[in-house]
Amino acid sequence: MSEKKIMLGNAAIARGAYEAGVKVSAAYPGTPSTEISENMVQYKDVIYSEWSPNEKVATEVAIGASFAGVRSIVSMKHVGVNVASDPLFTAAYTGVNGGMVLVAADDPGMYSSQNEQDSRLVGRTAMIPVFEPSDSMEAKEFTKYAFEASEKYDTPVMIRTTTRLAHSQGVVELFDREEVPDKVYERNIKKYVMMPGNAIPRHVFVEQRLNRMSDDGADMPINRVEMRDTSVGVITSGIPYQYVREAMPDASVLKLGMVNPLPRKMIEEFASKVDKLYVIEELEPHIETQVRSWGINAVGKELMTVQGEYSANMIRERILGEKIETTEPAKVPARPPILCPGCPHRSVFSVLNKMKIHAAGDIGCYTLGAVAPLSVIDTTVCMGSSISTLHGMEKAKGKDYIKNWVAVIGDSTFLHTGINSLMNMVYNQATGTVIILDNSTTGMTGHQDHAATGKTLMGDPTYAIDIYNLCKAIGIKNVNEIDAYDVEGLEKLIASEVAKDEISVIITKAPCVLLKTTKRTHVCKAIPEKCKKCGMCLKPGCPAVIRNEDGTITIDENQCNGCGLCMKRCHFDAIAREEL
Ligand SMILES: Cc1ncc(C[n+]2csc(CCOP(=O)(O)OP(=O)(O)O)c2C)c(N)n1
């Protein structure tokens, strides 16, 4: 008898890769995709897994493995697909040798993302098939089927998930790994060298492949028709399928597992059998627009939203017109996201705040430096953008304009795409100051290693890229390293570097306080009798420092990491730092 396990959607995808005989996995972390790779390492005897520095590199690693003849998988969050799109769009033309799957994890509702894009549309534009599972078991089985389809149709396949699936648990039936023999690599430049003469016929092949897949859709195990009451039919896929089944249990459903290309004949047949047709899909009207373009009368986004997540109640309200009784949520104080007590980023931001310096920001824990009371970061667009944004400002307004500006970027983000922007600053004679907040980890996504931490995803020790020497090597004269908690030294250093008419890099160093290797050695204590109630210690906004009703402060010893930032702000020795 086979074993059953309760698994996270992401763990199920990793298991699917294992069972499908995958040999190479590459990724760059990003919520909600990260646990795919974190689960992949348990199969390290048979699957090589790595954190690549960014999604483009990860995708190219998977492409290389596929060309070499083995099954490979690459995973990323939706915005990672933008970074990966250059190799992806052309891998659609080359096709594969060993099967290749790209997992794109979308985030409707933007629980942890800067935008809400729909990867199904990327798959459509890239002209690759997109499969969308609805629960953990399907996440595993669709992954396995995606490898079969990848090899059968000679194409990379995208598995599209969303946060709700990636981070929900469900029962999964486990099977043994199928050892798939490596495909023979044969030199074939018409297929693997994409220059115009070769790419032109491959484009024709790509179009034919999509038509073939659309025609075969009705026979694919991932698409199914559930005929019930024929007065109402719903076309749906992914997590919304679960909401449809809950809210409209009697409706007939066409459950699509393949959302690109759409199985047109199957859809037309289903539509002809039901009186009223709805399309229920989160985010963009990807299915609806195509279905309507074929002259089929379907209702979707005129009732449903293109924003955020759906729910069974939303369908009951908007499609069925039911009045849903909701209870008022409990009135609790707002708890906005905040930097942890003792976070080295707070120390740097408190200095920038004091100096009234603006920062072109980037993506990471430090993006929280945008909000009060630190209020330092003015702009954040995408990973790696801080440095080039600062550069653009200088080129627009001149070097004096950025004398009270810096760029701030984390260590993982710097290695992801920040390094390219820094090379651009060097090449194009910029004079700005870049602060690299080096906390020795990828903090925001839960402590993944990267090329400068000295450890691989599989847990092996490796060479740790030296960010200081890397900056020196691309030609920056002014590269400085400083302890992130040295607020006095930092203030002097930032003042001197910003004043220079030359490019400068300041690397602020201190490990993330939540890393297992960071030991709590000190704790701060308030001395109420010395307190003048001035509130200076509250300025950095540490959640461990709490103002009492009488205006004095208490330091929550359970939260305090003993960084001493509050103590350094106090002019009356009303805070002491004690060794633990
Ligand atoms: C293209 C892209 N890939 C991945 C992510 C997910 N993500 C957000 S911030 C971040 C890295 C944060 O690490 P670091 O720059 O070291 O800053 P820290 O959070 O440690 O302060 C990642 C991987 C993203 N937003 N965009």
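1. Helices α4 and α5 (residues 119-126) pack with axes 10 Å apart, at an angle of about 15 degrees. Axes here are lines fitted to C-alpha atoms, for helices over the stretch in contact, and angles run from 0 to 180 degrees between N-to-C directions. α4 is therefore roughly parallel to α5; that label covers angles under 35 degrees, with over 145 roughly antiparallel, 65 to 115 roughly perpendicular and the rest oblique.

2. A note on the basis. The model is predicted: local features need pLDDT of at least 70, side-chain atom pairs count only at pLDDT 80 or more, and totals for chains, interfaces and linings use all residues. Residues are numbered from 1 along each chain as its sequence is written, and side-chain values use heavy atoms, leaving out hydrogens and water.

3. The crossing of α4 past α5 is right-handed (near helix turned clockwise from the far one by less than a right angle; anticlockwise is left-handed). His78, Val81, Phe89 and Ala92 of α4 meet Ser119, Val122, Thr125 and Ala126 of α5. Contact means heavy atoms within 4.5 Å. By class there are five nonpolar, three polar and no charged residues. Nonpolar covers Ala, Val, Leu, Ile, Met, Phe, Trp, Tyr, Cys and Pro; charged covers Asp, Glu, Lys and Arg; the others, Gly among them, are polar.

4. α4 (residues 78-94) also meets α9 (residues 196-216): the axes come within 8 Å and cross at roughly 85 degrees. These two helices are therefore roughly perpendicular. Ala92, Tyr93 and Thr94 of α4 touch Ala199, Arg202, His203, Val206 and Arg209 of α9. This contact divides into four nonpolar, two polar and two charged residues. Helices (H or I, at least four residues) and strands (E, at least two) are DSSP runs, numbered from the N terminus.

5. Now the sheet. Six strands form an open sheet with parallel pairing, in the order β15-β14-β16-β17-β19-β18. β15 (377-379) and β18 (478-483) are the edge strands, each pairing on one side only. Twist averages 30 degrees from one strand to the next. Pairing requires at least two bridges found by DSSP between two strands.

6. Within the sheet, β14 (residues 358-360) and β16 (residues 405-410) pair in the parallel sense over three bridges. His358 stands opposite Trp405 in β16. Helix α16 (residues 411-427) lies across β16, β17 (433-438) and β19 (504-509), at about 140 degrees to β16.

7. The domain assignment gives domain 1 (3-218), domain 2 (224-318), domain 3 (344-509) and domain 4 (522-579). Such bounds come from an automatic or database assignment. The C-alpha centres of domain 1 and domain 4 lie 50 Å apart.
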